[in-house]
Amino acid sequence: MQTTQVHIRDKFWEDYSELVRQTVIPYQWEALNDRIAGAEPSYAIRNFRIAAGLEQGEFGGWVFQDSDLYKWLEAVAYSLRSHPDPEMERIADEAIDLIGLAQRDNGYINTYFTIKEPGKEWTNLYEAHELYCAGHLIEAAVAYAEATGKRKVLDIACRFADLIDTLFGTEENQKRAYCGHQEIELALVKLYHATGEERYLNLSQYFIDERGSSPSYFTQEWERRGRTGIWSQGSPNLEMYQSHLPVREQTAAVGHSVRAVYMYTAMADLALLTNDDSLRAACERLWANTTRKQMYITGGVGATHLGEAFTFDYDLPNDAVYAETCASIGLIFWARRMLRLEAKSEYADVMERALYNNVLGSMSKDGKHFFYVNPLEVWPEASKRNPDKHHVKPIRQKWFGCSCCPPNVARLLSSLNDYIYDVSAEGNAVHVHLYIGSTVQFTSAEGREVTLSQRSELPWHGKVDFNVSLAAGNADGVTFTLALRVPNWFQSRQPVLRINGELQKYTVNNGYANINRLWSEGDALEWLLPLEAQFIEAHPQIRADAGKAAIQRGPLVYCVEEADNRAPLASLSIAETANLTEREAPHLLGGCVVIDGDGLAADGSAWPEDQPYQPIRKSRNPVRFTAIPYYLWGNREPGEMSVWLRN
């Protein structure tokens with residue numbers, strides 16, 4: 001693929017870009033410094049100051065607390081790439097200076113072991129996240145160097161990576177080990193791209209190849225520690241950490257969902273770079289299982305709070321769901337890599353689904369409150385009183401003791417321009433994965449400079465326009481294929497294509513409409529995507545959704561909230577003729593399209609007091625229900641919410 005210049009010019013997404021730049025990043029910096037009143041403390045900056053010798057004190061927070069700062073720094077880097085900001089850059093440079101002061105002479109950086117357990121480095125790879133934190137440092141360093149041209153943090157990361165390279169591997173006196181929480185594998189691939197050093201790529205491949213080997217390193221390590229751990233009890237759970245089998249033999253997504261999708265992302269990276277067909281086949285098997293049997297309609301993955309994990313095929317409870325924000329972000333990372341392996345629309349469809357619903361829904365409209373867990377059904381009283389649902393919050397939180405998700409959202413949204421297009425290395429094909437207003441500049445196969453401009457009215461309207469602009473001297477035009485994704489959210493009607501006002505036929509390959517032609521200066525393409533509210537049903541094996549339907553319009557999944565409808569929402573059902581209508585609500589939740597429909601609600605007023613059961617009666621009252629986009633729920637007064645309605 002070509003290295004391209006992509007700039008987002010889209011009202012919907014620019015609002016988010018500005019929110020992240022002006023509110024989210026500054027707010028999260030305050031959170032990292034423990035300056036948000038009423039929020040759980042982060043300890044992140046304080047830990048670095050103690051490790052650097054600038055303060056005295058004890059380590060605070062989780063063993064992986066360093067990673068929150070690194071993800072914040074990566075978000076800053078992507079923001080600076082699009083919007084230079086001297087003050088933001090100054091703050092980031094000071095944070096980098098602090099990281100450098102905390103680095104040991106041999107390159108090691110980890111505030112937990114520097115402060116709390118010096119001398120025990122690399123003795124608990126199963127739980128201690130040393131390589132995980134190193135991976136997030138590397139990702140931040142690569143992004144910051146690319147955005148600013150400054151090498152200080154990249155040099156810090158390379159020194160740490162060089163130390164890791166000497167410690168891990170198959171040579172004598174090296175550890176035949178790997179991390180309990182995958183992350184460094186994909187980070188090392190980025191470091192390879194940034195530096196050209198093949199040993200970083202080889203180290204990533206080693207970590208992937210070694211995982212799941214027998215005898216288990218995690219079990220041996222646990223025995224050497226005297227069968228003790230930081231928080232785990234009993235012998236290591238190899239399946240939870242995707243180390244029960246070599247990765248090429250794994251066929252189903254199991255265990256901790258974030259660990260899994262981060263690992264699958266690295267596997268796809270390596271399959272592409274090393275032409276490893278067995279690794280690619282494993283990615284495709286795991287993708288099929290994850291997205292076709294273990295993914296929520298919102299793009300969430302991970303069904304249980306116990307281990308933040310996958311469970312088994314079609315087990316997708318709505319009210320006890322986990323669907324961690326980080327897991328959907330990792331799913332987007334993985335989808336992006338799969339698109340580089342092969343441009344298939346199903347990868348972009350999942351990327352879009354997770355982005356518009358689970359990820360956007362995890363952050364409030366004010367940019368200062370976040371969900372860690374993303375439920376599809378909420379009963380606030382159950383969240384408060386039922387121990388099995390304490391993890392399901394009816395309102396977003398200011399911060400978390402384990403706050404991996406908020407900075408992850410910031411870094412994804414700041415780098416969204418990297419997810420829209422792929423341009424072939426030869427410059428003879430441009431794939432459009434996401435319909436987000438933007439411009440992409442690339443060099444054609446003839447060596448001519450081309451600018452493709454996209455204007456999108458999604459997610460509210462289905463009109464997408466493209467314009468071609470050629471550099472001076474390209475009077476003869478430029479030939480390339482424009483491949484437009486045909487989304488999977490249509491029922492009967494297919495997109496309509498016009499070029500310079502004339503209706504065009506097109507062929508579809510792997511879910512992309514291919515238009516190959518000689519493009520001239522000023523050529524205009526109109527791509528009309530049918531957007532209509534529709535009911536969606538779930539696979540019969542998904543027991544939680546049996547006899548229910550959800551509403552989707554374009555890429556957006558909808559839900560009903562107590563703010564618009566009568567509680568209990570569980571008593572609401574869809575009328576035989578629902579008469580769905582759409583209306584624009586410019587003053588609701590910042591502006592959106594609302595869907596109304598006919599339903600039936602149980603008449604609770606006629607129920608005898610203190611009588612929990614009685615013979616069935618057909619006493620249901622007609623009601624008109626209102627549904628809003630799922631990503632906007634929870635921005636008003638706390639109340640019930642449900643995605644799936646009884647049908």
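Modeller: Quick ground rule before we dig in: a salt bridge here is a side-chain nitrogen of Lys or Arg within 4 Å of a carboxyl oxygen of Asp or Glu. And keep in mind that this is a predicted model.

Colleague: Fine. What makes Arg-248 and Asp-276 a salt bridge, then?

Modeller: The N to O distance between their side chains is 2.7 Å, and the cut-off is 4 Å, so the pair counts. Arg-248 sits in the loop between α10 and α11 and Asp-276 in the loop between α11 and α12, 28 residues apart.

Colleague: Are those two buried or partly exposed, and how do you know?

Modeller: Buried means under 20% relative accessible area, and exposed means over 50%. Asp-276 has 14%, so Asp-276 is buried. Arg-248 has 25%, which falls in between, so Arg-248 is called partly exposed.

Colleague: How many salt bridges turn up by that rule?

Modeller: The count is 45. Another one is Arg-35 with Glu-30, at 2.9 Å from N to O. Arg-35 has 47% relative accessibility, so it's partly exposed, and so is Glu-30, at 27%.

Colleague: What about Asp-422 and Arg-336: why say that the pair ties together parts of the chain?

Modeller: Asp-422 lies in strand β3 (residues 421-423) and Arg-336 in helix α13, so the bridge joins parts that are 86 residues apart in sequence. Their N to O distance is 2.8 Å. Asp-422 has a relative accessible area of 6%, so it's buried; Arg-336 is at 3%, so it's buried as well.

Colleague: And which residues are joined into one network by shared partners?

Modeller: Glu-74, Glu-139, Lys-190 and Arg-411.

Colleague: On to the rings. Why is the pair of Trp-122 and Phe-168 called edge-to-face?

Modeller: Planes over 60 degrees apart get that name. These two stand at 80°, with their centres 5.4 Å apart, so edge-to-face it is. Trp-122 is in the loop between α5 (111-115) and α6 (130-148), while Phe-168 is in the loop between α7 (152-167) and α8 (184-195); 46 residues separate them. Both Trp-122 and Phe-168 are buried.

Colleague: How do you know that Tyr-322 and Tyr-372 pair at all?

Modeller: Their centres are 6.0 Å apart, and the limit is 6.5 Å, so they pair. The planes make 75°, which gives edge-to-face again. Tyr-322 is in the loop between α12 (277-293) and α13 (325-341) and Tyr-372 in the loop between α14 (345-361) and β2 (377-378), so parts 50 residues apart get tied together. The whole structure has 34 aromatic pairs.

Colleague: What makes you say that a charge sits over the ring of Tyr-241?

Modeller: Arg-259 lies over the face of that ring, 4.1 Å from the centre of Tyr-241. The rule asks for CZ of Arg within 6 Å of the ring centre and within 35 degrees of the ring normal.

Colleague: Last one: what marks the two faces of strand β9?

Modeller: Leu-497 and Ile-499 make up the covered face of β9 (residues 496-499), and Val-496 and Arg-498 the uncovered one. At least two bridges are needed for strands to pair, so both partners qualify. In the β9 and β10 hairpin, with 2 residues between the strands, Asn-500 takes a positive phi near 50°.

Technical notes: Residues numbered from 1 in each chain as written. Predicted model: local features only at pLDDT ≥ 70, side-chain atom pairs only at ≥ 80, totals over all residues. Heavy atoms only, no water. Phe/Tyr/Trp six-rings, centres within 6.5 Å; stacked < 30°, edge-to-face > 60°. Helix = DSSP H or I, 4+ residues; strand = E, 2+ residues; numbered from the N terminus. Buried < 20%, exposed > 50% of the residue type's maximum accessible area, 1.4 Å probe, protein only.
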